[in-house]
Amino acid sequence: MTKMLVGNVNEIDIKGSRKLLVGNTEIALFRLTTGEVLAIENKCPHKGGALSEGMVCGSRVHCPLHDWRVDLHSGNVLTPDTGHVKTYEVEIDPESGSIYLTI
Amino acid sequence: MSTLRKKLVMVGNGMAGVRAIEHLLKLAPEAYEITIFGAEPHPNYNRIMLSSVLAGGASMNDIIINDLEWYHSNGIRLYTGHTVTSIDTRQKKVYTDKGIESSYDELILATGSNPFMLPLPGAEKEGVIAFRDIKDTQIMQETAKTHRKALVIGGGLLGLEAARGLLHLGMEVSVVHIHEYIMERQLDEAASVMLRKELEEQGMKFLLKKQSEAILGKKRVKGLLFADGEIAEADLIVMAVGIKPNVELARKSGIEVNRGIIVNDYMETNTPGVYSVGECAEHRGIAYGLVAPLYEQGAVLAKRLAGVQTEGYAGSITSTKLKVSGVDVFSAGQFTEQPGSRALRYQDEIEGVYKKLVIKDDKLVGAVLFGDTGDGAQLFSMIKNHENIKGMEKELLLGVSSDALASPKGNRLETMADDEIICGCNGVSKGAIAEAIQSGGCTSVGAIKACTKASASCGGCKPLVEGLLQLYAGDNAVTVKEGICGCTTLGRDEIVAEIKRMELKTVKEVMNVLDWSNDEGCSKCRPSLNYYLGMLWPEEYIDEKESRFTNERYHANIQKDGTYSVVPRIYGGVTTPADLIKIAEVAAKFDVPMVKFTGGQRLDLLGVKKEDLPKMWEELDMPSGHAYGKTLRTVKTCVGSTFCRFGTQDAIGMGIRLEKAFERLNTPAKVKLAVSGCPRNCAEATIKDFGVVAIDGGWELHIGGNGGVHVRATDLLCVVKTDDEVLEWASAFLQYYRENAGWNERTAQWVERVGLDSIKQALDDREERLALKERIEATLRLTSDPWKQIVNEPELRKNFEPISQPETV
Ligand SMILES: Cc1cc2nc3c(=O)[nH]c(=O)nc-3n(C[C@H](O)[C@H](O)[C@H](O)COP(=O)(O)OP(=O)(O)OC[C@H]3O[C@@H](n4cnc5c(N)ncnc54)[C@H](O)[C@@H]3O)c2cc1C
Ligand code: SF4
Ligand code: FES
């Protein structure tokens with residue numbers, strides 16, 4: 001488990017996302033309307049679509065390739081499709097807005 | 001032996017050739033003096049059974065078809081371990097590598113095929129083999145005693161059988177396959193996925209969608225490197241990626257060869273006295289790789305040689321079965337749907353049963369069976385016999401008589417077995433739907449759809465789903481009106497009316513006021529609301545880029561591998577050498593893997609990394625071609641009067657004018673225009689959303705065409721005289737479409753829905769046209785080029801880059 005500083009909340013648009021590469025894994029960071037920042041593996045379980053490019057609706061992201069929906073909190077694919085995406089723990093420093101990711 | 005007999009020589013001692021000889025011996029036992037040369041050191045054996053030998057079901061001895069005694073007693077001279085190296089077709093002689101020569105009157109080439117070996121670097125290493133003959137089988141058996149890891153390249157029939165055999169021999173086996181699903185030549189995706197699961201349970205591993213790049217190791221193989229940089233360890237690599245007809249000998253000898261040795265319906269080559277059968281032969285363009293057709297060929301050849309009347313060979317419909325214990329897979333005929341054919345499917349994931357029947361013109365043309373292949377033979381014979389199966393389709397699929405199916409709906413739904421499939425598209429059974437209603441708490445068709453996917457695709461089973469809802473939920477069943485998406489019950493027109501009436505100005509406001517069930521909507525309603533608001537309030541509404549699809553958010557087309565493509569605007573399809581040089585230089589600088597012309601005469605730079613997009617736009621310094629949006633795409637033009645000897649009007653000039661007028665326009669769906677310079681219509685303007693065709697002294701204006709999934713030719717809107725009138729009508733038409741069509745509705749669908757007359761009527765009055773024109777111009781005045789904007793604004797540009805480099809804390 002490593003904890004790392006990956007950026008600042010104001011670098012991510014609301015209902016937007018940014019990606020980053022840690023080792024060989026691409027991770028997508030999302031910022032919800034609630035202010036929450038959530039991190040998941042940037043790979044749709046369907047055909048590997050980059051979830052960071054998808055549309056964020058509430059706490060779900062729609063995959064840009066074929067519209068599967070992934071819950072950003074649990075990483076679960078929503079019915080009627082099935083699957084799971086890895087999630088990562090995110091902490092935000094309330095003072096500075098720094099984003100820490102634990103991998 | 002009597003010297004009166006003719007001399008028959010056969011090259012190749014395999015399954016097809018020897019079968020032809022067996023047949024010939026029955027028809028004309030005295031006619032020929034037969035000599036057979038076989039490169040392998042064995043009498044003829046059943047190659048098919050090598051899989052069973054490997055999988056432990058048979059021994060080498062079991063698979064011999066004809067032992068040496070058979071050759072002897074039939075007076076056949078057999079040379080095993082002799083390879084025929086040349087044929088002199090004029091002297092009628094063959095020569096072998098061991099110095100034997102033999103003259104013939106009739107010659108059969110039955111040299112089979114060679115395994116196709118991928119030309120990977122390192123393919124010559126020890127431990128890299130094919131799966132074709134006894135030798136390969138023995139190498140696998142030996143290797144398994146001392147090594148552990150095996151890789152099979154190729155997830156087709158042969159590869160899977162090899163892999164199953166290696167598992168039996170105690171090796172760890174992974175199958176490497178280039179496709180995303182295995183046995184794609186024999187199975188559709190559904191059956192393939194079920195098969196893979198079954199094989200995984202037997203211990204097989206799969207590396208799908210993998211492109212092999214190099215074989216690693218010093219002398220002996222140690223691993224396999226893939227194009228994506230990953231490496232899989234291996235002590236043995238079996239390549240089972242295909243076969244190629246063995247035609248070298250024939251080619252060298254001047255016999256006509258294409259992929260295989262070309263034969264006619266009587267298995268005759270173009271060289272007198274030379275015949276060919278088996279995998280090496282190509283008949284009507286096809287070289288078969290299965291035994292059944294080869295046996296049919298052998299029978300025809302035998303008759304020919306025996307001088308018996310025959311109709312000749314007309315080609316075969318083939319069927320295949322995977323010979324792996326524990327899984328039953330069968331496929332026959334044309335099992336994928338093609339235009340004009342329809343399919344019936346039955347899928348039971350619990351029992352692991354899948355059936356698919358493909359029907360064309362009331363005849364069964366193909367079938368795929370998984371799990372229960374009991375009906376295979378019957379279905380295959382119906383396919384071969386072209387039987388008419390009208391009225392018994394469902395019976396064939398379900399094994400239920402048509403009487404039972406014809407009984408009244410309620411009754412039938414009640415008595416229907418739980419595992420019967422209701423939704424064929426998604427393989428949802430009656431049981432699954434009943435469960436969703438009874439314990440899943442679904443009380444509407446929408447809820448059942450969301451929970452089980454039943455009726456989520458073609459919707460054909462919706463009546464049945466409704467019936468089941470009535471049956472199990474009774475009075476609790478609610479009929480919910482379906483709106484533009486699952487978040488609302490309101491339709492497009494109601495929403496637009498409410499937005500106008502209450503002057504709603506943001507997506508969020510609309511959702512709040514109109515009681516959306518999902519607080520932030522979904523990928524269907526968000527983009528449509530964003531469009532309606534922008535269309536209704538062009539001056540005030542601030543476009544919500546987060547409510548646009550990926551393509552429109554990043555102003556490039558997302559491709560399946562996550563890269564993007566860049567299409568600069570080229571007005572009317574006309575460019576200059578200087579611009580071409582610029583495009584070429586940028587493409588080279590950013591290592592664009594492919595440059596192609598789009599369907600609309602523009603240049604497409606494909607395979608661009610997202611990070612590179614803004615830099616490329618900056619260097620191109622050209623406007624966006626909007627090849628990605630719900631907007632004006634291109635105006636295709638022909639040469640017109642500028643150069644063409646038929647052209648009566650300036651098609652190019654007209655096209656450029658239209659493209660400049662409407663570029664960047666937001667529309668309900670993409671919009672394509674075209675202008676042709678005369679009625680020859682080389683720009684294909686009559687399958688565009690708005691098509692302009694020059695006639696002598698004027699222009700014909702066409703609307704509502706589409707060349708996509710549902711091809712639709714345009715309807716003629718009117719004929720006008722001047723260029724300005726073309727602009728006026730195009731503006732009015734496009735704005736009227738913007739204001740009245742549903743989001744995502746192409747003009748072709750829209751024209752069909754509202755009717756040509758209603759559109760003609762709306763545009764008929766000049767004052768109306770000018771008002772529409774004024775509104776579209778007001779909207780267009782507010783647009784700007786998105787590429788430039790992103791290049792210049794760091795706040796937008798940042799989203800193309802990965803977030804800051806991670807630092808460990
Ligand atoms: C492991 C395995 C499993 C299979 N399973 C099935 C199955 O389940 N169902 C099915 O229908 N088919 C199956 N096949 C395919 C089937 O075995 C072939 O289609 C069939 O054997 C082809 O017969 P053939 O006579 O054309 O060629 P072969 O049987 O290959 O015979 C050709 C012979 O010619 C010899 N030869 C070539 N050149 C020369 C030369 N110049 N001089 C002398 N001899 C020469 C070769 O050594 C070879 O022995 C399988 C094949 C393999 C390898
Ligand atoms: S449509 Fe007419 S003017 Fe245009 S290229 Fe064809 S023939 Fe020439
Ligand atoms: S890849 Fe994500 S939905 Fe298909």
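**Ligand shells, cavities and loops of a predicted model**

Colleague: Which element gives the largest share of the shell around ligand 1?

Modeller: This is a predicted model, in which local features need pLDDT of at least 70, side-chain atom pairs count only at pLDDT 80 or more, and totals for chains, interfaces and linings use all residues; side-chain values use heavy atoms, leaving out hydrogens and water. Residues are numbered from 1 along each chain as its sequence is written, while chains are lettered from A and ligands numbered from 1 in the order in which they are written. Elements are DSSP runs numbered from the N terminus, either helices (H or I, at least four residues) or strands (E, at least two). The largest share of this shell amounts to 3 residues, and the element that supplies it is H1(B).

Colleague: How many residues surround ligand 1?

Modeller: A residue is near the ligand if one of its heavy atoms lies within 4 Å of it. The closest are B:Glu40, B:Arg132, B:Glu279, B:Val291 and B:Lys323. By class, the shell has 14 nonpolar, 13 polar and 6 charged residues, where Ala, Val, Leu, Ile, Met, Phe, Trp, Tyr, Cys and Pro count as nonpolar, Asp, Glu, Lys and Arg as charged, and the others, Gly among them, as polar. The number of residues that surround ligand 1 is 33.

Colleague: How much of the area that ligand 1 exposes when taken alone does the protein bury?

Modeller: Polar contacts (pairs of N or O atoms within 3.5 Å) include a side-chain N or O atom of B:Glu40 at 2.7 Å from an oxygen atom of the ligand. A polar side-chain atom of B:Asn246 lies 3.2 Å from a nitrogen atom of ligand 1, and a polar backbone atom of B:Gly289 is 3.5 Å from an oxygen atom. Taken alone, ligand 1 exposes 1,000 Å² (Shrake-Rupley method, 1.4 Å probe), and the share of this that the protein buries is 90%.

Colleague: What is the volume of the largest cavity?

Modeller: The structure holds 2 cavities of 30 Å³ or more, a cavity being a set of points on a 1 Å grid over the protein atoms alone where a 1.4 Å probe fits but cannot get out, with lining residues having an atom within 4 Å of a point. Helix H18 (residues 525-536) of chain B gives the most to the lining of the largest one, with 3 residues. The lining includes B:Tyr531, B:Arg548 and B:Trp743, and by class it has 4 nonpolar, 4 polar and 3 charged residues. Taken as the space filled by probe spheres set on the points, the volume is about 90 Å³.

Colleague: Which residue in the hairpin of E30(B) and E31(B) takes a positive phi?

Modeller: Strands E30 (residues 594-597) and E31 (residues 603-608) of chain B run antiparallel and are joined by 4 bridges, where pairing requires at least two. B:Val595 stands opposite B:Leu605. The hairpin has 5 residues between the strands, and the residue with a phi near 70 degrees is B:Gln601.

Colleague: What is the phi of B:Asn744?

Modeller: B:Asn744 lies in the loop between helix H23 (723-740) and helix H24 (747-754) of chain B. Its phi is positive in a residue other than glycine, with a value near 80 degrees.

Key: 1 Å grid on protein atoms, 1.4 Å probe; cavity = no way out; pocket = protein on both sides within 12 Å on 5 of 7 lines; lining within 4 Å. Polar contact = N/O pair within 3.5 Å; in protein donor to acceptor, adjacent residues only side chain to side chain.
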